[in-house]
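Hi,

Here is the structure we talked about handing over.

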Amino acid sequence: MSRSVIDVPDLSLEEISALMDTAEEIIARPDDFADACRRKKLATLFFEPSTRTRLSFEAAMYELGGQVLSVTGAGTSSAAKGESVADTARTVSCYADIIAMRHPREGAALVAARSATVPVINAGDGGHCHPTQTLADLLTIRREKGRLGNLTVGLCGDLKFGRTVHSLLNAMSRYEGLRFVLISPEELKVPSYVKSDALKKKQIPYTQTTSLEDAIGELDILYMTRVQKERFFNEEDYLRLRDSYILTPEKLKNAKKDLCIMHPLPRVNEISVAVDRDPRACYFKQVLNGKYMRMALILLLLGLTGKGDRA
Ligand code: CP
């Protein structure tokens, strides 16, 4: 079985740090990497909607000199005829050197990885996790704050179904001196298993609140999230909860001057567009950082990490 990345703990802290260093090298000297994946193919298998993740994986492979095969939507592949995830992954391994897969079912990427003969990257599996978004988030935090430890991090919105939150909590709990403020409606709190694995076991301090206004002044990072309509069982609950938090310039008056405002996107109403002009808004930087981290991850999983390998 090839090495795959299904969740953040599949990468050591040292590897994450090295990925960020590679991303910085790519940002500084993109031409050095323009041929790194020549004759390699990435397959993007997206059985759920995406703009950023799919296109950034594809842009990443093209910028590394590789090529891309793409399935978008279950209806356009043999999944519509009942083919299993395992058979799809085994089949696509015959055509591509690496697979990035998004699927609505939790655990689907792991099933794919067990059957594939090439590396599989989880590009989001249901409400479970989204490790490459976390890589984008970590690079953004390191670039904006200069560190990944000693921060007070507020996570706000749909902390129950938001897979980016689960992966980020898992990843950041490995750094020193972190404190989390979990801001959500009662119904959308972080699931117990995530709290237990990421926070309680490691005795990481955290508080839970329903009030963004009360918490905002103490935060170094504010990570806003969308209420995940697609994971709700009934429309009524979604409509009641969807606008629980809307970040506006008014609410930011009590925030730190060097607050870093993040959001994995897409946003619906959670951040007013007026906030985009605030220099503390970092969410479009996250988008770009995602492409560089995906480039670095593709290199790592294809064993093309060093310059010598690429020569
Ligand atoms: N952040 C993110 O996963 O965006 P997409 O759903 O557009 O890929």
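Predicted model: local features only at pLDDT ≥ 70, side-chain atom pairs only at ≥ 80, totals over all residues.

**Overall fold**

The chain contains eleven helices and nine strands. Its radius of gyration is 19 Å, close to the 19 Å from the globule rule for 311 residues, so the chain is as compact as a globular protein of that length. The C-alpha trace spans about 55 × 45 × 40 Å along its principal axes.

**Burial and contacts**

Of the 311 residues, 55% are buried. Take the contacts between residues at least 6 apart in sequence: 74% of them join residues at least 24 apart.

**Surface and charge**

On charge, the chain carries 43 positive and 40 negative.

**Helix 10**

Helix 10 covers residues 283-301, which is 19 residues. From first C-alpha to last, helix 10 reaches 27 Å. At 1.5 Å a residue, the expected span is 27 Å, and the helix comes close to that. Is helix 10 mostly covered or mostly exposed? Mostly covered: 14 of its 19 residues are buried. Just after helix 10 comes Gly 303, with a positive phi of about 70°.

Best regards

Methods. Residues numbered from 1 in each chain as written. Heavy atoms only, no water. Helix = DSSP H or I, 4+ residues; strand = E, 2+ residues; numbered from the N terminus. Rg over C-alpha atoms; globule rule 2.2 N^0.38 Å. Buried < 20%, exposed > 50% of the residue type's maximum accessible area, 1.4 Å probe, protein only. Contact = heavy atoms within 4.5 Å. Lys, Arg positive; Asp, Glu negative; His and termini not counted. Charge placed at Lys NZ, Arg CZ, Asp CG, Glu CD. Expected span 1.5 Å × (residues − 1).
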